[in-house]
Amino acid sequence: MPVDASFPPISDECLPLQATVLDTIQECNTAMNLIIVDTCRKRVRDSSLDSGQMPRRSINLRAKGNTVFAYSTSRAMKAYEPTRGGDEARNSIYVESLKKYLQSDELVERILKLTAQDILKKHGSIQVPALMVNLIKDCKLTDEVEFAESIPGLSPNARSSSLLSVEVKGFKIDVMFCLAFSNLLRVSFFIKNQNDFTVNNLRLFPEATTIQGIEEIGR
């Protein structure tokens, strides 16, 4: 739900996490989907919320035994932000604890349990994280990167970047692939207008799922 969404919520302004986001991710045949929901789960009581503006949608999930839902707090509980200033105030108390273990060579479930234990040690039971797991394989955030399609010049263990350049209708588009850490791949787009006119707004739809597909768009 966007921060500036209407209240009570309107379904057209919201994006269903399970029915839309997760279902789309599953199309990529991922080894693991880790979805972290860092928000309060204490329902706001308001009679207008039951007015029918947010109809329940039928959910047809593509369950593949590869998903972990990590909630920063349990159902009907709040999620807290630091009250003091400084660098720690930039993140929630959940993220502050999670950051300690993100690059640990541990199973992802173990990392999330260590995060919960750290919160309990620091803040008591005011916020108790929860997990919903149907992950079958043993997965770590430090597992070696595996690409469905090879990217020229980018090794799974390399920290360097790979650059692909294409031209579309007078625009030069540089697509940069860079391993941020572990199995996180950052993709950046740099666009240069080579036309003799000014463009104030440009929308890019990178729908191609392979390098070959991107090159075909360029031609």
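Helices (H or I, at least four residues) and strands (E, at least two) are DSSP runs, numbered from the N terminus. The structure is a predicted model, in which local features need pLDDT of at least 70 and side-chain atom pairs count only at pLDDT 80 or more, while totals for chains, interfaces and linings use all residues. Residues are numbered from 1 along each chain as its sequence is written, and side-chain values use heavy atoms, with hydrogens and water left out.

Start at helix H3, which covers residues 108–123 and has 16 residues. From its first C-alpha to its last, H3 reaches 23 Å, close to the expected 22 Å; the expected span is 1.5 Å times one less than the number of residues. After H3 comes glycine 124, with a positive phi near 75 degrees.

One face to examine is the buried part of H3. Buried means under 20% relative accessible area, exposed means over 50%, and partly exposed lies in between (1.4 Å probe, protein chains only). The buried residues of H3 include Val108, Leu112 and Asp118. The partners that the buried residues of H3 pack against are strand E1 (33–37), strand E2 (67–71), helix H2 (93–98) and strand E3 (130–133).

Of its 15 residues, Met32, Tyr94, Val108, Leu112 and Leu135 touch the most other members. E2, H2 and H3 each give two or more residues to this core, and H3 gives the most, with five. Valine 108 is in contact (heavy atoms within 4.5 Å) with residues including Met32, Leu34 and Leu135, leaving aside residues up to four places away in sequence.

The whole structure holds four salt bridges, each a side-chain nitrogen of Lys or Arg within 4 Å of a carboxyl oxygen of Asp or Glu. In one of them, lysine 140 pairs with aspartate 105, the closest N and O atoms being 3.4 Å apart. Lysine 140 is in the loop between E3 and strand E4 (161–168) and aspartate 105 is in the loop between H2 and H3, so this pair ties together parts 35 residues apart in sequence.

Another salt bridge joins lysine 122 to aspartate 118, with the closest N and O atoms 3.8 Å apart. Both residues lie in helix H3, four residues apart, about one turn of the helix. Aspartate 118 is buried at 9% relative accessible area, whereas lysine 122 is partly exposed at 48%. Salt bridges link Lys100, Asp118 and Lys122 in a network.

How values were computed:
Core = buried A, V, L, I, M, F, W, Y, C linked by side-chain atoms within 4.5 Å.
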